[in-house]
Amino acid sequence: MTDPVRVLVWGENHHEKVDAVPQRIYPDTMHGTIAAALRQHLGDAAVVETATFDDAEHGLTEERLQRTDVLLWWGHMRHDDVDDEVVARVHRHVLGGMGLIALHSAHFSKIFIALMGTTCSLRWRQGDDRELVWTVAPTHPIAQGVPQPIVLPAQEMYGEFFDVPKPDDLVFVSGFTGGEVFRSGMTFSRGHGRIFYFSPGDQDYPVYHDPSIQLVLANAVRWAHQDRPRTSPRIAMHETGDFHTPREWDGTPL
């Protein structure tokens, strides 16, 4: 019997505490809503937990990350307040093989910028923009069963240019009322880890209640999960003529 995928949904949990609109739309919080949707879609194949900014060590202790296969991250107002030591810890686990799904404003999170190595800046407009999320890689696992297009009647606009590296796969492209386009669903590889960025999900709109968005996130969890030991890529030394028995180099001069 295959062990269940261990999923951790991380939420900044700021807007849900101070803003009336997200409180009304997400009475169970955004991270709680996402977690509930993943439990519904993944069933017994996953164990889904949540953590927030205000938890000790932001809920991202070494022990918690060791038992996490896929981490979903939603942040917005408190990117700069996330502890650098915790960011470095998450970074190490992603390189070691933990999946990361960065949601909406998480493009400006410390962890996403560190993994991308770019500014991750973009164009945006706060307003009731209709968003059409078009699938441009219909055979990709994350796109399986997803309607074409996903129609979001109201959403914040994100537009190009989006300053990220060339993705491994471009899965979704969004169009907005003002004519803007955006690479709204992209995959990346860093070390042994798989990363998916998905932009729909502003706190002032009920995006995470949408069944199609929930399906994308569930598909992304399945794709990002890898059944492998958590090990970071390391340099290995081979003796001349020995191709099969490397030994790890400890950094001492040869």
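Author: One term before we start: buried means under 20% relative accessible area. Asparagine 13 is buried on that count, because its relative accessible area is 14%. And keep in mind that this is a predicted model.

Reader: OK, and where does asparagine 13 lie?

Author: Asparagine 13 is in the loop between strand 1 and helix 1 (15-18). Its phi is positive, about 60°, although asparagine 13 is not a glycine.

Reader: What about cysteine 120, what's its phi like?

Author: Cysteine 120 has a positive phi of about 60° too, and it is not a glycine either. You'll find cysteine 120 in the loop between helix 6 (110-116) and strand 5.

Reader: And is cysteine 120 buried or exposed?

Author: Cysteine 120 is buried, with a relative accessible area of 0%.

Reader: How do strand 8 and strand 9 run, and how many bridges join them?

Author: They run antiparallel, and 6 bridges join strand 8 (residues 181-190) to strand 9 (residues 193-198).

Reader: Now charges. How many salt bridges does the structure hold?

Author: It holds 12 salt bridges. Side chains of opposite charge can pair when their charged atoms come close.

Reader: Which side chains does arginine 89 meet in salt bridges?

Author: One is glutamate 57, at 2.8 Å, N to O. That pair links distant parts of the chain: arginine 89 is in helix 5, whereas glutamate 57 is in the loop between strand 2 and helix 4 (62-66), 32 residues apart. Glutamate 85 also meets arginine 89 in a salt bridge, at 3.7 Å, N to O.

Reader: How far apart are arginine 89 and glutamate 85 in helix 5?

Author: They are 4 residues apart in helix 5, so about one helical turn separates them.

Reader: And how do these side chains count for accessibility: buried, partly exposed or exposed?

Author: You get one of each. Arginine 89 counts as buried at 10% relative accessibility, glutamate 57 counts as partly exposed at 43%, and glutamate 85 is exposed with a relative accessible area of 57%.

Reader: What does glutamate 160 form a salt bridge with?

Author: Arginine 183, with the closest N and O atoms 2.9 Å apart. Glutamate 160 is in the loop between strand 6 and strand 7 and arginine 183 is in strand 8, so the pair links distant parts of the chain, 23 residues apart. Glutamate 160 is partly exposed at 22% relative accessible area, whereas arginine 183 is buried at 18%.

Reader: Which residues are linked in a network of salt bridges?

Author: Lys17, Asp54, Arg78 and Asp81 are linked that way.

Reader: Backbone again: which peptide bonds are cis?

Author: Among them is the bond from glutamine 148 to proline 149, with omega near -5°. Proline 149 lies in the loop between strand 5 and strand 6. The bond from glutamate 160 to phenylalanine 161 is also cis, with omega near 15°, and phenylalanine 161 is in the loop between strand 6 and strand 7.

Reader: Last one: which residues form the nonpolar patch on the surface?

Author: Trp134, Val136 and Leu170, with about 250 Å² of accessible area together. Valine 136 is in the loop between strand 5 (123-135) and strand 6, and it is partly exposed, with a relative accessible area of 44%.

Definitions and conventions. Residues are numbered from 1 along each chain as its sequence is written. This is a predicted model: local features need pLDDT of at least 70, side-chain atom pairs count only at pLDDT 80 or more; totals for chains, interfaces and linings use all residues. Side-chain values use heavy atoms; hydrogens and water are left out. Two strands pair if DSSP finds at least two bridges between them. Helices (H or I, at least four residues) and strands (E, at least two) are DSSP runs, numbered from the N terminus. Patches are made of residues with over 30% relative accessible area and no salt bridge: like charges are joined within 9 Å, nonpolar side chains (Val, Leu, Ile, Met, Phe, Trp, Tyr) within 5 Å. Accessible areas come from the Shrake-Rupley method with a 1.4 Å probe; for residues, only the protein chains shown count as cover. A salt bridge is a side-chain nitrogen of Lys or Arg within 4 Å of a carboxyl oxygen of Asp or Glu. Buried means under 20% relative accessible area, exposed over 50%, partly exposed in between (1.4 Å probe, protein chains only).
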